[in-house]
Amino acid sequence: MRYEIKGDNLPVVICEVNANESLITERGSMSWMSQNMRMETTSNGGLGKMFGRMFAGEALFQNRYTAEGGPGRIAFASSFPGSILAMEIGPGREVICQKSAFLAAEEGVELSVYFQKKLSGGFFGGEGFIMQKLSGQGTAFLEIDGTVVDYELAAAEAIVVDTGYLAAMTEGCQMEIQQVPGVKNALFGGEGLFNTVVRGPGHVWLQTMPVNSVAAALRPFFPTGNN
């Protein structure tokens, strides 16, 4: 497979696939494709995988697109202003990402549910107790809210992230929750009560415009039922 990501803050990834090559995606992600791309809706792993994807914020079923009779083309567009991030998944290169980040992948990539090891990381961290795990082998495409900023963390090195700004991390990273110090800072600082701490070794991808922050900023401008 060859691919090209086009667009700035409204991106699309265009994939050129060989004959009989397949891509998997969530429903509604396909934007356009060549006529010889055949779609098949599949559980992709049976009942257990279906419910695992549901808990991870994805649909029960996935769509598989296969090029028939020759090379094919298929495009997947981002559903929110931001970025599309291509990742090479393989043994030792598994990635943990936020719910609903998965856009599409080669058929060898497996999407499964990932539970935070520490309950506080899910209840207070904003990233959620349940996240997504990408494993297997192949190229995967993730939707990122806003611009991607990434860091390589050494062993024991940590980065403090505000709620919702963590997009993805390699499986070797550890995530925990840190309370904002000081009552005055927590109540009047405007940064919330908790921050997410990601500790290496590993790679971390951050996003500059979490969709929940955008929704909160726009909420005062929406008419209420009392108007």
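Phe76 lies in strand S7, residues 72–77 (strands are DSSP runs of E, at least two residues, and helices are runs of H or I, at least four, numbered from the N terminus). The model is predicted: local features need pLDDT of at least 70, side-chain atom pairs count only at pLDDT 80 or more, and totals for chains, interfaces and linings use all residues. Residues are numbered from 1 along each chain as its sequence is written, and side-chain values use heavy atoms, leaving out hydrogens and water.

Phe76 is buried, with a relative accessible area of 0% (buried means under 20%, with a 1.4 Å probe and protein chains only). Phe76 touches Cys15, Leu23, Ile84 and Leu103, among others (contact means heavy atoms within 4.5 Å). Cys15 is 61 residues from Phe76 in sequence. Their C-alpha atoms are 8.3 Å apart in space.

Asn63 is found in strand S6, residues 62–67. Asn63 is also buried, at 8% relative accessible area. Its side chain makes a polar contact of 3.0 Å with the side chain of Thr41 (a pair of N or O atoms within 3.5 Å, one able to donate a hydrogen and the other to accept it; residues adjacent in sequence count only if both atoms are side-chain atoms). Contacts of Asn63 include Leu23, Arg27 and Met39.

The largest nonpolar core has 18 residues (buried Ala, Val, Leu, Ile, Met, Phe, Trp, Tyr and Cys joined through side-chain atoms within 4.5 Å). Met87, Ile89, Leu134, Leu142 and Ala168 have the most contacts inside this core. Elements giving two or more residues to the core include strands S8 (82–89), S13 (138–145) and S16 (166–170). Ile89 touches Val95, Val109 and Leu134, among others.

Terms used: Buried means under 20% relative accessible area, exposed over 50%, partly exposed in between (1.4 Å probe, protein chains only). Lists of a residue's contacts leave out its neighbours within four places in sequence.
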